[in-house]
Amino acid sequence: MHLDWNALGEVAAVSIGVTVAVVVVFALGVLGLARSEGAREDGGGTSAVGAAQAGLCFLACAAVVAYGIYLIVPQFH
Amino acid sequence: MDHITFLVAVVIVTALAFDFTNGFHDTANAMATSIATGALKPKTAVLISGVLNIVGAFLSTEVAKTISGGIVDDTLVTPGMIFAGLIGAILWNLMTWLVGLPSSSSHALFGGLIGAVWVGAGSNGVHFDKVVEKILIPAVASPIVAGVAALIATFLAYKLTARGRKKSVTKGFRLGQIASASLVSLAHGTNDAQKTMGVITLTLISAGALGHDAGPPVWVIACAGLAIGLGTYLGGWRIIRTMGKGLTEIQSPQGFAAETASTTVILTSAHLGFALSTTQVASGSILGAGLGRRLAEVRWGVAGRMAAAWLITLPCAALVGGISAAAVKHGGNFGTVVVALVGAAVAAGIVVLSRRNPVHADNVNDHHEVAVRTPAPTHVGTAA
């Protein structure tokens, strides 16, 4: 019997790393969204910083999703 | 079509029936948390998941070259054993569905095959070292990895968004959940539908209806995709309730973290050639997400029953598969018909039992328990 502990460790490290990274970036995006929406409601001006932060973060997450679809669909390989 | 004997036709129908139970057993993996947090309406969620499963079935070209991935000696496997193994897997899937326990459809299939081959060809037909390597190790490791990933991610998500407006935060994570849940469904379609395609294709090859090394014909791909998609769409609401409500009360940041963890674990292991159970990964993620939110209640009793179900899935499916294989081996076509009829009767009985306390799209979020006997009082409402 052959057990590839390295591959198992690799799966664990990559999975935990990618999950935490995606969720943190997405959380920052949500925070930006909340800030921009909050500013709009509190009166007049929108928070450009918040909107930009949200846009950038969601774009980064979309890129990861695109890579995920690339991995799922064998025709792309 | 004179190659298609009675037994081969029965195997194909049984394989599609297994595919159907696989679909409805596993809807919860992708959609339970989205339904629980309200990110998607229950009916919308199962529709998206069903369609993506069909799409996934058509996308997957790398159809399994072996029935079992080396767990049993494929040269000894006959269509009769495949049939017996599938019966074991289907009945176990239905049993766990009745009590609302998410168990692995892959383990049920492997278990059924192991039992059938053991009885049909002797214990040397089963490669026990492969069972440990391909089933036991991933089954222990994958939920833990997914759980740890979801736990850290959930903790950080709450920490980071604590200052944000609650309404915007909830809405943002709900939108994210739609994307993450869809990815889980697509990955599921490419993985699980092709298992059934592999079984049917290899049966056709062994019967001489297809040449060696032939890929699955289009009708096999279409049937397998439709069976798993339809099963997914009908939704195993009992299991969705357990996973979305039973383990812990899921909020949208937790749901997003859990689904992201499931997706990454499934994709990284598939990429590196580890076979694992989507069900166990998703359960581990949800448990981790429950622990990651402070003061979130995790129902360890439910988690314990789930773990127990995982432990006995393979042996139980193997037992049913073995008994069926004995009947097929000694009874020939007559034995096959008897097994098929008994299997259908037990399946019908389970469905009738489930009607006593049905769980469906309209009441899936009302309660956190799936009872078989006593109907849950309707006024209970959401369990806080």
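Start with chain B as a whole. Its 384 residues would have a radius of gyration near 21 Å as a compact globule, and chain B has 20 Å, which agrees. The radius is taken over C-alpha atoms, and the globule rule is 2.2 Å times the number of residues to the power 0.38.

This is a predicted model, in which local features need pLDDT of at least 70, side-chain atom pairs count only at pLDDT 80 or more, and totals for chains, interfaces and linings use all residues. Residues are numbered from 1 along each chain as its sequence is written, while chains are lettered from A and ligands numbered from 1 in the order in which they are written.

**Stay on chain B: the fold**

Show the C-alpha trace. Along its principal axes it spans about 70 × 45 × 35 Å. Switch to cartoon: chain B has eleven helices and zero strands. Helices (H or I, at least four residues) and strands (E, at least two) are DSSP runs, numbered from the N terminus.

Now colour by burial. In chain B, 59% of the 384 residues count as buried. A residue is buried if 20 or more other C-beta atoms lie within 10 Å of its own, exposed if 12 or fewer, and partly exposed in between, with C-beta atoms placed from the backbone. Of the chain B contacts with a separation of 6 or more, 86% join residues 24 or more positions apart. Two residues are in contact if their C-beta atoms, placed from the backbone, lie within 7 Å.

**Colour by confidence**

pLDDT is the predictor's confidence in each residue, from 0 to 100. Chain B has a mean of 86, and 93% of its residues reach 70 or more. Select helix α10 (residues 278-292) of chain B: its mean pLDDT, 93, is the highest among the elements of that chain. Helix α6 (residues 166-206) of chain B has the lowest, 87. Then select residues 376-384 of chain B. There pLDDT stays under 50, and the model has eleven contacts beyond four places in sequence. The model scores ipTM 0.90 and pTM 0.87.

**Select the interface**

Here 44 residues of chain B are in contact with 33 residues of chain A. On the chain B side, α5 (128-161), α6 and α9 (252-271) each supply at least two residues. The largest share, 15 residues, comes from α5(B). By type, the chain B side divides into 26 nonpolar, 14 polar and four charged residues. Ala, Val, Leu, Ile, Met, Phe, Trp, Tyr, Cys and Pro count as nonpolar, Asp, Glu, Lys and Arg as charged, and the others, Gly among them, as polar.

**Finish on chain A**

Over residues 12-34 of chain A, the chain is 100% helix and 0% strand, with end C-alpha atoms 32 Å apart.
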